[in-house]
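Let's take a walk through this protein, starting with its overall build and ending with a few local details. Keep the viewer open as you read.

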Amino acid sequence: MTAKSHILLGQTLSFDGDPFNDPGAPRHETRGAVVVEDGVITSTGPADTIQRPAGAQVHDYGEKLITAGFIDAHMHYPQTAMIASWGKRLIDWLNDYTFPEEARFGDRAYAQEIAARYFDLALAHGTTTSVSYATIHPESVDAYFTEAQRRGLRALTGKTCMDRNAPDDLRDTAQSAYDDSKALLETWHGRDRLGYVITPRFSPTSTPEQLEALGALWAEHTDCLMQTHISEQVEEIAWVHDLFPTARDYLDTYEAHGLLGTRALYGHAIHLTEREEARIKEVGAGLVHCPTSNTFIGSGLFETARLKSAGHRVGLATDTGGGSSFSMLRTMAAAYELSQLRGTALHPSQLMWLATCGSADVLHLRDKIGNLAPGMEADLVVLDLHSTAAIAQRAARANDIWEAVFPTIMMGDDRAISAVWVGGRPCLD
């Protein structure tokens with residue numbers, strides 16, 4: 001019989017607050033313990049003082065670092081097979097690569113194959129929660145949720161809705177988008193660890209009537225998230241202006257149709273106007289930074305430090321397959337590099353926070369995932385801070401935990417993922 005109680009020993013990293021606002025927020029134990037009972041963290045602290053449940057199974061990870069599992073707040077699982085497709089700007093890239101691949105997801109077997117492949121890759125890189133766009137096909141949503149449920153994962157997705165400026169075989173209608181989304185929501189939302197996300201792809205591929213219909217659906221189900229894209233590339237913004245000539249700006253194409261609110265997730269958000277920034281902050285919506293995608297497709301430089309200092313809620317994401325890596329470590333490294341181009345060196349604690357607590361916050365799940373704390377679901381990753389010769393020789397010179405962690409952020413990959421726990425069970429160990 002599998003033990004219901006576990007004690008994980010090693011270095012531990014947790015957060016008592018946001019390190020963008022409080023440099024003292026991180027909590028590091030050089031020899032810490034995490035106690036897990038029935039899938040939930042019940043206590044954390046120094047290993048020599050923690051109360052150990054009778055009969056608990058002990059997992060000693062030595063000097064490896066135990067932290068919350070990574071949370072990918074914006075990705076496209078249907079693009080798994082076409083990741084790293086060469087040489088296009090956003091609109092060409094969608095037409096040449098994305099749409100032909102997404103057209104295959106009406107085939108349930110193919111959708112199931114790619115969903116399983118995606119979760120294998122994500123877990124191998126320490127990602128324990130993913131927020132994905134599906135395709136217009138209900139089968140694509142069913143495949144993603146079925147696979148996540150089988151593995152006991154916390155996962156979120158929604159049918160991607162498009163009724164214009166897409167191939168005929170990838171278009172729905174305003175009514176079918178509403179009807180299909182509602183049926184999928186009623187089937188999956190709140191089931192086990194799953195959550196439905198209302199998902200217009202972006203304004204250029206939805207008519208005002210479809211945006212209106214999805215806004216109405218969101219108003220009927222206010223506990224759901226809503227996800228979309230905004231201001232990723234300058235050509236896209238110009239296109240939106242042409243399609244919505246009376247809108248004040250890109251955000252207004254959503255706001256005017258009921259798609260602005262505190263549970264909204266706006267991917268990219270690179271080229272926002274002052275009004276857009278002010279309204280997003282006012283309602284408390286989330287911005288999702290996708291740094292490897294922003295460089296791969298040539299979109300621009302997201303201003304992490306400035307937006308955080310202004311009070312915005314920011315999460316982190318791979319944006320696979322526009323992003324070029326399934327790894328949240330590589331994504332943190334790209335966030336660091338892009339911030340350097342803006343004149344700010346993000347601290348390693350801030351990068352780790354974005355990939356865990358920050359993403360949990362924009363998903364309104366910070367009471368469930370993203371941190372090592374009593375009452376949190378036990379989704380965990382164990383990092384080997386000496387996973388390659390290059391990383392090990394630098395970490396050997398570290399004077400503190402951050403000098404030890406930073407080489408893994410900058411040079412680490414799936415070899416740094418020593419163990420992954422999902423819902424209190426080891427799935428990679």
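Predicted model: local features only at pLDDT ≥ 70, side-chain atom pairs only at ≥ 80, totals over all residues.

Residues are numbered from 1 along each chain as its sequence is written, and side-chain values use heavy atoms, with hydrogens and water left out.

Start with the whole thing. The C-alpha atoms fill a box of roughly 65 × 50 × 40 Å along the principal axes. The radius of gyration, taken over C-alpha atoms, is compared with a globule rule of 2.2 Å times the number of residues to the power 0.38. For 429 residues a compact globule would come out near 22 Å, and the protein has 21 Å, so the two agree. Its secondary structure comes to 14 helices and 16 strands, counted as DSSP runs numbered from the N terminus (helices: H or I, at least four residues; strands: E, at least two).

The contact (heavy atoms within 4.5 Å) draws 34 residues from domain 1 and 32 residues from domain 2.

How much area is buried between domain 1 and domain 2? About 2,600 Å², with carbon and sulfur atoms giving 72% of it; buried area here is the accessible area (1.4 Å probe) that two parts lose on being put together, summed over both. On the domain 1 side, Phe20, Gly69 and Ile409 lose the most area to domain 2, together 26% of what that side buries.

The rule finds four salt bridges across it, a salt bridge being a side-chain nitrogen of Lys or Arg within 4 Å of a carboxyl oxygen of Asp or Glu. Elements giving two or more residues to domain 1's side include strand E1 (5-15), strand E4 (57-68) and helix H14 (401-411). H14 gives the most, with six residues.

Over the whole structure, the search turns up 29 salt bridges. One of the salt bridges pairs Lys159 with Asp180, the closest N and O atoms being 3.8 Å apart. Lys159 sits in the loop between strand E7 (154-158) and strand E8 (160-161) and Asp180 in helix H4 (residues 174-188), so this pair ties together parts that are 21 residues apart in sequence.

Finally, two backbone details. A cis peptide bond joins Thr320 and Gly321, with omega about 0 degrees, and Gly321 is in the loop between strand E13 (313-316) and helix H11 (328-341). Asp38 has a positive phi, near 50 degrees, in a residue other than glycine; Asp38 lies in the loop between strand E2 (26-37) and strand E3 (40-46).
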